[in-house]
Amino acid sequence: MKSAVITFPGINRERDMLMALEATTGVKPISVWHTEASLPNVDLVIVPGGFSYGDYLRCGAIAARSPIMADIKAKAMKGLKVIGVCNGFQIITEAGLLPGVLMRNADLHFVCREVKLKIENNQTFFTNKMTKGQIVSCPVAHGEGNYACDGETLKRLEGEGRVVFRYAEGSNPNGATNDIAGIINERGNVIGMMPHPENMIEPLHGKVDCRPLFESLIAA
Amino acid sequence: MKAKIKVTLKNGVLDPQGKAIEGALGSLGFGGVNGVRQGKYFEIELAETDNVKAEATLKSMCEKLIANTVIENYEIELA
């Protein structure tokens, strides 16, 4: 599995993601700068976390309109696997790859802590080494992770099993609708999530709960 | 020409920043504040001189970037 990690100005989790991918899959990912007009030949693209363009206008709004995103969008329409983590989730949502929006945390606080995450769907390319209903620890670090969408979209996400990750009971750090922490698109090739699984994969992180997520990618 | 664009949260969309401002106004002693909604305001200088064309361009700008129409409304005013 060949992968690429995209870096925009203001992104700060790209190294964590590059290291996590290499440590778990054994394959060195390609680092791609946002000004590239097209992607290298890869099976998976990860848009990592950070504060692209200083969160100006809206989180992820400017990065979502960059040249590399146009290519990611076109290739995602043809089945390229895409994962957006934290700011990456905001970016791919702003780009229209996933429905809804990430709003300011309901209590206005930036949250930086560990949460409990429930695997709601283990039939995705990023969760197939997990079991359905499994609860794992995962760090979050964001000020705008309050997932919201219109009622019709919510009905579809829930009805079609497209809520992949949910904050476990009592663990919702941001007021997200239905405790939604991560979703997948209709085609099943684009996943966005607020928590940072790349920071819970080796003993130095305290726990290795999220390692199986990355191991799921090997088969993908 | 100059355009003014107002972006506001749609009705029913939670506005925690507006709530915080409302609370702060209360603690400053301003009574009778029944609600605060925070929005954004943009001034855009355009080379275009035709109002109709300018308005169409501005609408496209709002749809593509300036507003997130999932949660926001926008109003365009040409000066």
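Helix axes here are lines fitted to C-alpha atoms over the stretch in contact, and angles are taken between N-to-C directions. With that in hand, let's walk through this predicted model.

Start with helix 1 (residues 14–25) of chain A, which packs against helix 5 (residues 211–219) of chain A at an angle of about 65 degrees, the axes being 9 Å apart. Angles of 65 to 115 degrees count as roughly perpendicular, so that's the label for helix 1 and helix 5 of chain A. Their crossing is right-handed. Which residues do the meeting?

Now look at helix 4 (residues 151–159) of chain A. Its buried residues are T153(A), L154(A) and L157(A). Viewed down the helix axis, they fall within an arc of 100 degrees, so they line one face of helix 4. Covering them are, among others, strand 8 (146–148), strand 9 (163–167) and strand 10 (180–184) of chain A. Turn to the face pointing away from the buried side and you'll find the exposed residues G151(A), K155(A) and G159(A).

Last stop: the loop between strand 9 and strand 10 of chain A, where A168(A) sits. Is A168(A) buried or exposed? Its relative accessible area is 9%, and the cut-off for buried is under 20%, so A168(A) is buried. Beyond its neighbours within four places in sequence, A168(A) contacts K116(A), L117(A), K118(A) and I135(A). Take K118(A): it is 50 residues from A168(A) in sequence, yet the two are 5.4 Å apart in space, C-alpha to C-alpha.

Terms used
Residues are numbered from 1 along each chain as its sequence is written. Chains are lettered from A and ligands numbered from 1 in the order in which they are written. This is a predicted model: local features need pLDDT of at least 70, side-chain atom pairs count only at pLDDT 80 or more; totals for chains, interfaces and linings use all residues. Side-chain values use heavy atoms; hydrogens and water are left out. Axes are lines fitted to C-alpha atoms, for helices over the stretch in contact, and angles run from 0 to 180 degrees between N-to-C directions. Helices (H or I, at least four residues) and strands (E, at least two) are DSSP runs, numbered from the N terminus. Angles under 35 degrees count as roughly parallel, over 145 as roughly antiparallel, 65 to 115 as roughly perpendicular and the rest as oblique. A crossing is left-handed if the near helix is turned anticlockwise from the far one by less than a right angle, and right-handed if clockwise. Buried means under 20% relative accessible area, exposed over 50%, partly exposed in between (1.4 Å probe, protein chains only). The arc is that of the directions from the helix axis to the C-beta atoms. Contact means heavy atoms within 4.5 Å.
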